[in-house]
Amino acid sequence: MSAGSNSVNDFVVRFANVNGTGSASANFLFTKSIFRMGIPVTPKNIFPSNIQGLPTWYEVRVSEKGYLGRREGIDLMVCVNPQSMMNDVKSVKKGGYFLYDSTKKLHDEFIREDINYIGIPLMEMCNREFNDARQRQLFKNIIYVGALCGLLDIEVSVFEGLFAEQFKGKEKLIAPNMKSLQMGIDYVKQNFSCPLNIRVERRDLLKDAIMVDGNSACGLGAVYAGATVAAWYPITPSTSVVEAFMEYAAEYRVDPQTGKKNYAIVQAEDELAAIGMVIGANWNGARSFTATSGPGVSLMNEFLGLGYFAEIPAVLIDVQRAGPSTGMPTRVQQSDILEAAYASHGDTKQILVIPSTPRECFEMTADAFDLAEQLQTPVIVMTDLDLGMNDHVSPPFEWDDKRIFHRGKVLTADFLENMPKFGRYLDVDGDGIPYRTYPGTHPTKGAFFTRGTSRDEYAAYTEDAGAYKRNMDRLMVKWETAKKMVHAPELYQHKNHHGNGILFYGTSKYAAEEAIDLLKEQGIHLDAIRIKSFPFNSTVEQFIAAHDKVFVVDQNRDAQMRSLLMIELGINPEKLTSILSYDGMPITADLIQQSITNNLSIHKVKEGTLS
Amino acid sequence: MTYVRPKFRHPELPKNKLGYTLSYYEGALSTLCAGCGHDSISAAIVQACYDLDIEPHKVAKLSGIGCSSKTPAYFLSNSHGFNSVHGRMPSVATGANLANRDLKYIGISGDGDTASIGMGQFVHVIRRNLNMLYVVMNNGCYGLTKGQDSATADAGSKNKTGQVNLFQSIDLASLAIELGATFVAQSFSGDKQQLVPLMKAAMKHQGFAFINVISPCVTFNNNVGSTKSYDYVREHVEATGTLDFVPMMSEITTEYAEGSTEHLVLHDGSIIELHKLADGWDPHNRISAINAVQHAKAKNEILTGLLYMEKETTDLHDMLGTTDIPLNSLTKEILCPGSGKLKELNDSLR
């Protein structure tokens, strides 16, 4: 039996655990050890909406070629959860391995002829070695990591280094952890032929890459961009964005002299209040943001409309999860695209920026503050649960110290003093972006009344049809200006070569890039584009125009990005073929490859019958 | 009815310490119904700000939606105003205040805006002791949608169409006291003598100051049988006391018999001279304040005046430990940790 026969640095390990048993840190330790071996690795936490007791999985893909998307097919299953064991046995690839706790004998129904079983008496070993119940639990996890160390040929010194870092200041804990690890290593070496035919070999493929989750990167980006007011309401999977902001701000933003904070964080009573505070703070000249997920965006719609119409900057980080309604709170989707793009009643359009990597989460969050203030409108950072909560190998964060905060068109007291009449909603520059003033700037000039009702160029309330229409039309001029300011898409080729293209965004990047390679091997060549923002700038339009057919990858049921392209660019629906993944799991290269292969072969058959 | 406010002002109009006349504190001409209580409240705000020598541009006025929420346009035209969304003024005020702690914040709301759609934000802004003046112009009905009962309409009160309200009313002042508001007062739009000094004291209060002002709706809720009509309120008002506001540094000239007068010192040293009328009521005691309101209610009276206040309070900024410098004035040099720190952080993520 073989699992990808002698597969070096190319396999998937899945851990089946019970939620709340400390498995997360042990599993991360495993991932980090691969990372430290210099090999591209991508973990996915597949967790329940639960604190303790329900099954939880952690899937780690190791890929020499650097493919960081999820891959179907499990080569090695580490099963320490009897609850899910039947399904876990079934999910192992033919020829794969099933590691389990052999303290109790495995029942016949769990035996498959086509996979290999690695039984380790985890519980028995722990009970023998440790007295404390919690310790038994935690070290059981370390023992199976030790087993993997032996089975997959991971260098022991890597773990020594990781433990030393993890338990800095608590050095007492290093010895029992190393001991547990060694127990695992020794057991598999004595009882099985090590390493397995799936194993790792040290490489230097990661260069200066870091491993971090997108939510931390967003929180950090907000610190670097000078956000001073964060208001939020806890919701999975966005909670850790503000928690990261909290942590980084505590580190970087406390005045050393006074001990006072150069930031304020308020946990609001709900998402409505959270975005209200953000709008209030931005109106008053502070950079302010909130983070939420789909249900929160629904609640924030009214304020997002106010932000659009009254022209108040705001930054909202939407960590998308599977909807609709409460949906699957701990599973991923890109299903807030349309909701966010047209958030609120009336004619509204919102700026979206769509990162794909933690580095982009950092940069684009920082950029979002510039865009929001320059365009005087809300900017929504469209990340998702996969990007936000899972650790990703990413290029390192970079910051140019010469970078300035672009605060947009804000009039100072001096300027107001010397100008004729200030008109808050006057399009002085022809770009649709008017000038604003902060409260408290000048004793007699520059005060205006902000409202969600219609108003004229001088911010005076009006129901005059002409004034209302002029304002709505100016907002469209501003929208055109935005197209030139938002992030340009990533093109994967200097010149378009092929008849067919593929378009994707956000975390579909990983699977799509891999699929492009797989298809190439099959002789199917595609040009590719990754969208990073809405409104779409002209490059997107040109890319679609240059191809006969464009595959649009969406991680939602309703092909939301495809709809958005059709609505905004007036593209013939026949030209855009959807590739959809919406089961809540991160999309795979396999799915994209299959869909495109099927589509093109059907197309060929049709052409054949016609000719 | 005039549609244009005459610009002419008598050249000898008195000026305050900043050299501004009262008219400098006015706003646009009100578009509310003639005789609306809300206009009297706007006038009291104008008077209070003038008397206190407040720089209008150092005030931010915020509101939600409704007749009351329109009023910020009718006072302090040199202040920035924000007519936000229905029931959400407290959150907007919270964000604004966090951005710049040096301005004064006046929030205007109505009974619909606060006691119904905005109840959640109202109770939470109280909990946070946001440094602001929160005024509810309370007329017991939805004026802008033509007179439906609001949640502060008393059970048994009759509206213009003769319909009797069946539901219990929400007593905003009692609620505010119970939730920990640090300054709570109640007044009547028809009582300028009481309202102006209350406004002044509330504006000087460091923390959340709430004034519930009964403000009759002349068009939809001023009929016989309504408990929010001018006539009814005038007949049923009972004051905790009369009060004068004495700004810091002023000499106290009026004298009252010992025992009936109490000097309440505010945060900045200003003094409220309170001439108590209610028996057994202690403005520094929350329970006593709630009792006084409830006793009056039991007698079908509306207790007005100062109800409760704390002198030294910890406002939201102090609770959060934010810097004394307005957050909106901090520069990149202070806010951005820079590339060096980022390099260290990158190293820790490998």
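Two strands are counted as paired if DSSP finds at least two bridges between them. Helices (H or I, at least four residues) and strands (E, at least two) are DSSP runs, numbered from the N terminus. The model is predicted, so local features need pLDDT of at least 70 and side-chain atom pairs count only at pLDDT 80 or more, while totals for chains, interfaces and linings use all residues. Residues are numbered from 1 along each chain as its sequence is written, and chains are lettered from A and ligands numbered from 1 in the order in which they are written.

By the pairing criterion, β17(A) and strand β2 (residues 80–83) of chain B run in the parallel sense, over 3 bridges. Within β2(B), B:N83 is the bridge partner of A:R451.

Contact between the chains involves 54 residues of chain A and 49 residues of chain B, where two residues are in contact if their C-beta atoms, placed from the backbone, lie within 7 Å. Elements giving two or more residues to the side of chain A that touches chain B include β9 (210–213), α7 (214–224), β10 (229–232) and β17 (449–451). The largest share of this side, 9 residues, comes from α9(A). By class, the side has 32 nonpolar, 14 polar and 8 charged residues; Ala, Val, Leu, Ile, Met, Phe, Trp, Tyr, Cys and Pro count as nonpolar, Asp, Glu, Lys and Arg as charged, and the others, Gly among them, as polar.

A nonpolar core is a set of buried Ala, Val, Leu, Ile, Met, Phe, Trp, Tyr and Cys residues joined through C-beta atoms within 7 Å; a residue is buried if 20 or more other C-beta atoms lie within 10 Å of its own. The largest such core has 277 residues, and A:L99 and A:V229 have the most contacts inside it. Helix α4 (residues 133–152) of chain A gives the largest share of this core, 11 residues. Leaving aside neighbours within four places in sequence, A:V229 is in contact with residues of both chains, including A:A264, A:M277, B:L98 and B:L327.

In chain A, an open sheet of 5 strands has the order β18-β20-β19-β22-β23, with mixed pairing. Strands β18 (490–491) and β23 (576–580) of chain A stand at the edges with a single partner strand each, so one side of each is left without a neighbour in the sheet. The partner strand β20 (residues 527–531) pairs with β18(A) in the antiparallel sense over 2 bridges, and A:L491 stands opposite A:I529 in β20(A).

Methods:
A residue is buried if 20 or more other C-beta atoms lie within 10 Å of its own, exposed if 12 or fewer, and partly exposed in between; C-beta atoms are placed from the backbone.
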